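I opened this entry to keep track of what I looked up, going from the whole chain to single residues.

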Amino acid sequence: RDPDAAMTPEKERWAEALAVDRQHGDKAFDFVARRVQELALRGDEAGIARWLAIAGHLDALTPGGTIQ
């Protein structure tokens, strides 16, 4: 098995960001913000961290984002 082909947490965040972008389009950031807010209300710090990482990757995919 090729260790480079393994799904790492970093690759998961990129895949999740791409999925959010495809599913929510120009409303993707609103979706992520709502998700983070829901998790904050529940006190889910790990979930918040995950969605903030997804938001960072989503920003990098967006025109005008950090890697555009």
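**Ground rules.** I am working from a predicted model, in which local features need pLDDT of at least 70 and side-chain atom pairs count only at pLDDT 80 or more, while totals for chains, interfaces and linings use all residues. Residues are numbered from 1 along each chain as its sequence is written, and side-chain values use heavy atoms, with hydrogens and water left out.

**Whole chain.** I looked up the secondary structure and found 3 helices and 0 strands, with the pattern α-α-α along the sequence; helices (H or I, at least four residues) and strands (E, at least two) are DSSP runs numbered from the N terminus. The C-alpha atoms fill a box of roughly 40 × 30 × 20 Å along the principal axes. Of the 68 residues, 24% count as buried, where buried means under 20% relative accessible area, exposed over 50% and partly exposed in between (1.4 Å probe, protein chains only). I then checked contacts, meaning heavy atoms within 4.5 Å: among those between residues at least 6 apart in sequence, 51% join residues at least 24 apart.

**Helices α1 and α2.** Two packed helices are described by the angle between their axes and the distance between the axes. For α1 (residues 9-24) and α2 (residues 28-42), I noted that the axes come within 8 Å and cross at roughly 120 degrees; axes are lines fitted to C-alpha atoms, for helices over the stretch in contact, and angles run from 0 to 180 degrees between N-to-C directions. V20, D21 and H24 of α1 make this contact with A28, F31 and V32 of α2.

**F31.** I followed F31, a residue of helix α2, and asked which residues it is in contact with, leaving aside its neighbours within four places in sequence. The residues are V20, H24 and W51. F31 counts as partly exposed because its relative accessible area is 23%.

**F29.** I next turned to F29, which also lies in helix α2, and left aside its neighbours within four places in sequence, which gave contacts with A55, L58, D59 and T62. The relative accessible area of F29 is 37%, so this residue is partly exposed. I also noted that the C-alpha atoms of F29 and D44, 15 residues apart along the chain, are separated by 19 Å.
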